[in-house]
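User: I have a model open and want to learn how to read it. Where do we begin?

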Amino acid sequence: MRLLLVDDSRTMRNIMKKTLDTLGGVEFSEASDGHEALKVIAATPAGFDLVLVDWNMPNMDGITLIHKIRDTDKKTPLMMVTTEAEKSRVMEAIKAGVNNYAVKPFTPEALLEKVTQTLSKAKAAA
Amino acid sequence: MSVIEAPKPAASPINSKLIMPFVNSVRSVFSTMVNVPTTLGKPFLKKDPCPSYDVSSIIGFSGDITGCVVVSLQMKAAEQLVSAFAGAAIESSSPDFADAIGELANMIAGAAKKDLGHAARISIPSVIIGTGHLIARLSDVPCIVIPCQTPSGDFTVEVSIKPVNQST
C-alpha cells in the first residue's frame with residue numbers, strides 16, 4: 001500500500017508515519033507543500049492508495065493541491081489532516097473532493113480509524 | 001440636586017471569549033498529542049514586550065481577527081516537550097526542534113480558532129530561539145498571558161488578538 005503524506009512539518013509527517021506504519025506493508029512518500037506533492041504524484045505512475053494533505057502550508061496550500069489533483073484524478077482517495085476545524089472549512093474541502101477529514105490534534109487511534117475507513121470505502125467503491 | 005455617580009469599575013482587559021478557546025486548545029493539544037500533564041494558571045495582563053521565555057513560536061491572525069499568539073517556552077521544557085510530542089529525543093540544535101515547536105503552536109492556535117466565533121486565518125508559524133528577544137505586537141491590543149506548568153518546565157501562551165473593527 002502506498003501513502004503520500006503532505007505536511008510542511010517534518011515532525012507531523014513522522015508522527016503520522018509512526019502511527020500508520022502499524023497498518024503493515026505501507027510504503028510512504030512525503031512532500032512538504034502542494035508543489036512538491038504534485039511532483040511526487042507525477043513521478044509515481046503507479047499512484048497512491050491514499051494522499052493525506054495538511055491545509056496550511058507555504059508555497060501551495062492543501063486546498064489548492066486538492067483542487068489540482070481533482071482536476072485530472074477523480075479516483076485517488078484524498079484525506080485532509082489539518083487544524084482547520086470550522087464547518088465551513090470542512091464543507092469547502094468536501095466540495096473540492098476530499099474523501100475524509102481529520103482534525104489536529106488527534107490521537108493515534110482516531111487517525112488510524114479515519115484512514116482505515118477511507119481505505120475501506122475506496123476499496124468497496126473500486 | 002446634583003447626583004454624584006460612583007465611579008464605574010474599569011473594564012477588564014481580559015476578554016474571556018478570546019482567551020478560553022486557547023485555554024481549551026492547550027489542554028486538548030497536550031493531553032492528545034504530547035501526553036504530558038499540564039496545569040494552567042490564571043491568565044494575566046502583560047505589558048512587557050519580551051516573551052516570557054527563551055523559545056517563542058509566533059502565529060499571526062488575519063481576517064476577522066487581527067494580532068498574534070506566542071507560545072513561549074523555557075529551553076529545557078521546550079526540548080522535553082517536543083521530544084514527548086515527536087516520540088523521539090530532539091535537541092535544540094536539531095532542525096527538527098523549531099519544526100516541532102512551530103507545529104505545537106500551530107495546533108494550539110488552530111484548535112482555538114474554531115471556537116473564537118470569527119472567520120479568521122492563521123499564518124505559518126515562525127520560531128525564534130534566544131534569550132531576551134523582543135516581539136512587537138499591535139500597540140492597541142492587550143497581551144494576555146496564560147501560564148502553563150508541566151513536570152518538564154513552564155511555558156506560556158501569550159494571546160494578543162482582537163476582532164477587526166472593534167476597539168479593545
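Analyst: Begin with the radius of gyration, which is taken over C-alpha atoms; the globule rule is 2.2 Å times the number of residues to the power 0.38. For the 168 residues of chain B, a compact globule would have a radius near 15 Å, and chain B has 17 Å, which agrees. Chain A has 126 residues and 13 Å; the rule gives a value near 14 Å, so this agrees too.

Some ground rules. This is a predicted model, in which local features need pLDDT of at least 70 and side-chain atom pairs count only at pLDDT 80 or more, while totals for chains, interfaces and linings use all residues. Residues are numbered from 1 along each chain as its sequence is written, and chains are lettered from A and ligands numbered from 1 in the order in which they are written.

User: What box do the C-alpha atoms of chain B fill?

Analyst: Roughly 75 × 30 × 30 Å along the principal axes. For chain A, the box is roughly 30 × 30 × 30 Å.

User: Which residues touch the most other members of the largest nonpolar core?

Analyst: In soluble globular proteins, nonpolar side chains tend to be buried together. A nonpolar core is a set of buried Ala, Val, Leu, Ile, Met, Phe, Trp, Tyr and Cys residues joined through C-beta atoms within 7 Å. Buried means that 20 or more other C-beta atoms, placed from the backbone, lie within 10 Å of the residue's own. Here the largest core has 76 residues, and Leu52(A) and Ile108(B) touch the most other members. Helix H3 of chain B (residues 95-113) gives the most to this core, 11 residues.

User: At what angle do H1(A) and H3(B) cross?

Analyst: Two packed helices are described by the angle between their axes and the distance between the axes. Axes are lines fitted to C-alpha atoms, for helices over the stretch in contact, and angles run from 0 to 180 degrees between N-to-C directions. H1(A), residues 10-20, and H3(B) cross at roughly 80 degrees, and their axes come within 7 Å. That makes H1(A) roughly perpendicular to H3(B); this label covers 65 to 115 degrees.

How values were computed: A residue is buried if 20 or more other C-beta atoms lie within 10 Å of its own, exposed if 12 or fewer, and partly exposed in between; C-beta atoms are placed from the backbone. Helices (H or I, at least four residues) and strands (E, at least two) are DSSP runs, numbered from the N terminus. Angles under 35 degrees count as roughly parallel, over 145 as roughly antiparallel, 65 to 115 as roughly perpendicular and the rest as oblique.
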